[in-house]
Structure formats: C-alpha cells, structure tokens
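Me: I have a model open and want to learn to read it. Please take me through it feature by feature.

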Amino acid sequence: MENPYLPYPVRIDEITTETEDKNLKTFKLVFINPEDEEKFSYIPGQFAELSVAGKGEVPIGIASSPTEKGYLKFTINRVGLVTKHLHNMKEGDVMGIRGPLGNSYPWDEMEGKNVVIIGGGFAFTTLRSSIVYMIQPENRKKFKDISVVYGARTPGLLLYRYELDQWEQRDDIKMHITVDGTDDPDWKYNVGFVPTVTEQKITSAENAIALVCGPPIMIKFTQPVLEKLGFPSERIILSLEMRMKCGIGICGRCNIGDQYVCKDGPVFSLAQLKELPNEY
Amino acid sequence: MVTKIFTKEEWVRALKGAKDDYRIYLPVKHKDFHAFELLSDETAPDFEFQNTRLSPKSLIFPQSERMFEYSLDEKDGEAHIVKETPKDFYPQAVVGIRPCDAHALQLVNVNFDNPQYKDPWWVKRLESTILVGLGCNEPCSTCFCTSVGGGPFSERGLDVILHDLEDVFLVKPITQKGETFINKLGQGRMADDTLSDKAEAKARSSLEKVTSSIPTGKLRDKVVTELFEAPFWEEVAFACINCGTCTYLCPTCWCFDIQDEVLGKEGDRIRNWDSCMSPLFTLEGSGHNPRSEKCQRVRQRFMHKLKYYVDKYEDGVQCSGCGRCVRYCPVNIDIRHVAKLMNDFAQ
Ligand SMILES: Cc1cc2nc3c(=O)[nH]c(=O)nc-3n(C[C@H](O)[C@H](O)[C@H](O)COP(=O)(O)OP(=O)(O)OC[C@H]3O[C@@H](n4cnc5c(N)ncnc54)[C@H](O)[C@@H]3O)c2cc1C
Ligand code: SF4
Ligand code: SF4
Ligand code: FES
C-alpha cells in the first residue's frame, strides 16, 4: 500500500532571493531518487507539501511548469516555524516533498479560450507555472490571447523579474505589470492597483476565462471589475489557501462546507464558491 | 455460521487462552467508568456497563501515533530522510464494543479509506481487528442509535455479537473473520432454539428502551449556505466553553494534527487527535483565521456531522447516537436539540 504521507527525498539545488525585502526565496529542488520524478507528475495549479525533518510540513504551490524537466520550483514567503527554517537552509541540503496535491486550473475548459491572468503580490507562483506552460510552443496554440495583469506594492516586490522582462518582449502574451507606487524614474510599466489596471487593460470577457490569485483585498476589488466586464462566475477561477496538514482530504482541517481545499481545491470557480459557506 | 453459548466464566477463560494469538481488549471497571484494557492473566473484565467512557476508536486510530522517523545527525548518510516507522499490525480483538461504537468506525472508515487515498495505518489496523460487540440490554437515556441507522443489537460493522443472557453469553458470529475467531477460542456449546429465541426477544425489547431520537430526514434537502447563516448558531454556541470534550469523546470524530518532535539528533513525525473546537485548528501563518470565533467552531462541528457529511457521502449523519457528547458536555449542549433546529429550519 502506497503511503500518501511519506515524502520523497529531494535536494535543494539552488536558492534565489526574489524580493528586495528578502522575504521571498525560490527553491529549486531535485529528486534524490530519479524514479520519484516520474511519480510526481503534475499540472499547473497543483501544490505540494514541503517537508523539513524536525520542523514539519507546509503546503506550497508548484511554481515550476511540468514543461521544465529535472527539477521543481517553489517560491516561499518567510512566515512562521517551517518557512523561517526553510529560509535558513542552504543549497545541497536534504528535505522532502509530498504530492502533487489538489486539483489544478481547469485546463480542459481553458483550451480554445482567451486566458486572463490576474495576480497580486507573492501569490503569483502557480500563475507563473501556468504562463510558462502555456507559452511553450507545443501548448501555445491551444489558447487564444493570453493577457497578464500582475502587480506588487513596489518594483522590488515583484517575483520573477527576469522572466517578466522576457515575457514583455514577446508578442504572443500581453503583459500588464503594475506597482502600487514607485519613485524609480526608470520604471517603464504601469502604476496603479491591480483592479484598476485590470479595468483599463482588459477590455472583453468574450470567450475568456480569468485566473485570479492574490491577497484577499485584491480579489475583493477585482471581482466586481470582472463581473462588470461580463465574466460569468463560472469563468472566474480562484485558488484558495487554508491551513492544511495532510493535504489529501483526510485530516479534516481545511474544509469549506463539504469540500476540502486540499483535495477538492485549491482551485474553485467563483460559481462554486457562491454555493459554499462563506468561511475561508 | 454456528451460534454458541458460553458461561461468563468460560468466555473469559477462553479469551485468556487465545491471548497469544490475538491482542484482546476488554472493558475493565475503574472507579466510576469503564475503559478498554489489554487482556492479561490478571485482568478482571467487567461486562456490567452501559458504555465505556471513551469508545475503543483509539485501538484503530491511536490518540497519538508515530508516522515517520528520521535522523538529524549529519554523520548519518541518510540524515533528514523521512522513513516509515515499523509497525506490527498484530491481530487484535475488541471484545465488548457497543454496536454504536462499531457503527461509528464504519462512519469514519469512508474518510480514511476512500477511492483516492488510503490511510495505510487505519486500513491495516482495521483489517487486523476483530470487533466482538456486546448488545445493549439497558440502553442509556441519552442513546439515540435507532434514529441514526443503528440499534442496541445492530450488527453493522461487527464481526461477532454477544447477547448477555444473565449467566451466559450467546455468541453469534457475523463475518467469516468473526467465526474464525470463535472457532479459535474452542470451548462453548451450540446454542439451542430456546436460548436463541430468548436472545431475540430480549433484543427486541431493548429496542423499545431507546426513547431518545434525532430528526435527520430533512437535512439532505437544506441549502447549505442557508443553514450556515441560520440565526440559531449564536444561541446554540452561547454557553460553550470550548473545552473540546465533545470532539475528544466522540467515536466519529477523526480530525488530526501532524507534528514533528525531536530529541537530540533523532526525530519523529507524529499525528495526534485534534479538535475543530480549538481556535488554532484553522489559524494560518499570516494571522488570518476563518474560524476565530467560538460560534463558528461550534457551527462547524454540527454542520460537519449533520450536513456536510450527509451531503458528501449520502449515507446518513456522522453520528452513531452514542450520546457521549450529550452526557459529558459541561454546559449541556445537546446534539439532539441542535439536530432538531437544523432539521426544522426553514428560511
Ligand atoms: C494550497 C496552498 C498553496 C500555498 N502556496 C504558497 C506559496 O506558493 N508560497 C508561500 O509562501 N506560501 C504558500 N502557502 C501558504 C503557506 O502554506 C503558509 O505560509 C505556511 O504553511 C506557513 O507555515 P509556517 O510553518 O512557516 O508558519 P506557522 O504559522 O508556524 O505554521 C505552522 C503550521 O501551520 C500550517 N499553516 C500555517 N499557515 C498556513 C497557511 N496559510 N496555509 C496552509 N497551512 C498553514 C502549516 O501546517 C504549518 O506547518 C500556500 C498555502 C496553501 C494552502
Ligand atoms: S463539550 Fe460542550 S462546552 Fe465543551 S467544546 Fe463541546 S459543546 Fe463546547
Ligand atoms: S456526536 Fe455525540 S452522540 Fe454522536 S457519535 Fe459523537 S459523541 Fe456520540
Ligand atoms: S489538509 Fe487535511 S483535509 Fe485538507
């Protein structure tokens, strides 16, 4: 019997500090037993439990794309017990990973549609995974226009700066990077909150589906903008967070009504959420 | 399958004779309560009880269980690699479990053994366990098993059922596993019709002694969001002191926490029973807590048992009617009352 609680051993291959406040680091992990990589076959939107012996486990969205072979990437905010410890670990250290867990973005439904990606702050991780996945040449033709609105408080708090600049250069994806404010005279992108920029740059809900990830306040103000544009709640897709332990729908911790965010989610449409108790 | 008769002395002697082949757990009397204990030569089991204070759930799902272990010693080539803690899953028999508590294990089983994931410890331990039930001649005033799909002589989830006929036990195997166990015990004699009829009559009369009930028929059709917003939750939760007794005693509660514990350079990953009555249960690292208030937590407990479970599994409520939470809640919060509020609720 497979033990769904047993992590695969991995080695930290590379650690990149993402933001100027140094609170976010991206960990590139490599499986110690190569055969485990095959078992860990994932799709964008899923997450994993990262395991640190002696400290515990944390659920973290998978930031790499399945099209990137040989490693996994996670971008981790420094918060409490486990994530603080992770931030002090070094390249070469051994840890564990369990998954992939949860559902994913609705890839079948997204095919043939315009995809609007809206992200705020550090909740851009599985959206990065999705973008990398979609712009891969063999996948790109499956989707119509791809637009991205991504914002952070300041330029220094944007994740994946190197890639954002690259994506800006491409003509098969429309980037709308924004910051709440900046005194950088060389800042060449937008200034303004994510909901405002969404209102300005996204002009149609026609055959479109929106993936929205960000802090609660951003989601709260983006939702009416999307609804005004004509997005039905079935085509507004959100990824939720809840405190988790098992990640497989057994420990009873992360329910919203009869749904477990870890197993039935973390991705839900707004339409689905409207039918569940408002408790998250 | 052959139903047998044992005198009570024979029964205990036979069990003692089988204790090398099975770990046998039996009810033992403490001052004012009964608890399941491992049978040894010295054990004096006592079958005169209404129910044990704690159900034997912990024999399948221990209150605290080591899952994994690891070394943190850098000199160890496998340092930081998490490994399964070896376990024996030796055959065990729980003798004297009440039918409601066996039913409860069935209600919990759908959580641990589901189409997508199998909890290996639960599954293996349940497989290696023989449940020998003791039918209830004298149900408590707080028992309401008959309204939630059980009954004082319900065989659901049991391998064997015992009927207490004063000086003898009528021992009736229900599953193959149960029959094998009874055969292993040897002893006993075949039950004759008189005793079988007597057992049946007694079981029938005890059915009428269950006078308490909860209404559940309309729960499935309620709109979950409306029930969630119902006005009665504040009042239901008002007196609750969040002690967690209800979840701790409940044979159908299954929530657990996972923690790492380190001693020197050795560490374990352990799971412990947890309670949705604790505010820490849902507290996130950011400080956000979707159930920071008592009322939200009390609502979660009842909604889980009487609505979410009902919707998810379409097999009734997540409650076996054992009445423990009713008897032991220090402020008399009563699931029978709450079920009625929920079942009768109209928007
Ligand atoms: C599906 C999902 C995806 C996530 N993706 C990311 C991500 O990509 N990057 C990132 O930085 N963070 C992410 N988080 C949040 C991250 O899991 C928490 O910040 C982290 O668990 C905090 O753990 P800690 O030990 O540092 O904090 P502590 O407060 O010390 O937490 C102790 C324990 O509580 C639990 N816990 C606490 N907060 C949360 C929380 N918000 N969500 C779930 N469990 C929690 C964990 O089991 C943790 O081990 C995600 C959460 C979920 C549910
Ligand atoms: S036993 Fe009673 S007081 Fe204690 S947590 Fe449960 S409902 Fe509240
Ligand atoms: S909810 Fe109360 S009556 Fe029902 S099984 Fe649990 S402890 Fe027993
Ligand atoms: S984390 Fe255990 S049920 Fe979701």
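Reply: We go through the domains, the chain interface, the salt bridges and a ligand shell.
Reply: This is a predicted model, where local features need pLDDT of at least 70, side-chain atom pairs count only at pLDDT 80 or more, and totals for chains, interfaces and linings use all residues. Residues are numbered from 1 along each chain as its sequence is written, chains are lettered from A and ligands numbered from 1 in the order in which they are written, and side-chain values use heavy atoms, with hydrogens and water left out.

Me: Which domains does chain A have?
Reply: Domain bounds come from an automatic or database domain assignment. For chain A, the assignment gives domain 1 (8-100) and domain 2 (107-239). Their C-alpha centres lie 24 Å apart.

Me: How many residues of domain 1 and domain 2 of chain A are in contact?
Reply: Contact means heavy atoms within 4.5 Å. Here 20 residues of domain 1 of chain A are in contact with 18 residues of domain 2 of chain A.

Me: What area do domain 1 and domain 2 of chain A bury between them?
Reply: Buried area is the accessible area (1.4 Å probe) that two parts lose on being put together, summed over both. Domain 1 and domain 2 of chain A bury about 1600 Å², 57% of it on carbon and sulfur atoms. In domain 1, A:E18, A:P44 and A:T67 lose the most area to domain 2, together 31% of what that side buries.

Me: What about charges between these two domains?
Reply: Side chains of opposite charge can pair when their charged atoms come close. A salt bridge is a side-chain nitrogen of Lys or Arg within 4 Å of a carboxyl oxygen of Asp or Glu. The count between domain 1 and domain 2 of chain A is one salt bridge.

Me: Now the two chains. How many residues does the contact take from each?
Reply: It takes 42 residues from chain A and 52 residues from chain B. Chain A and chain B bury about 3800 Å² between them, 57% of it on carbon and sulfur atoms. A:M1, A:I250 and A:E279 supply 17% of the area that chain A buries against chain B, more than any other three residues.

Me: How many salt bridges link chain A and chain B?
Reply: The count is seven. B:R299 forms a salt bridge with A:E279, the closest N and O atoms being 3.9 Å apart.

Me: Which residues surround ligand 2?
Reply: A residue is near a molecule or strand if one of its heavy atoms lies within 4 Å of it. Residues around ligand 2 include B:C240, B:C243, B:C246 and B:C329. The shell has nine nonpolar, three polar and no charged residues.

Notes
Nonpolar A, V, L, I, M, F, W, Y, C, P; charged D, E, K, R; others polar.
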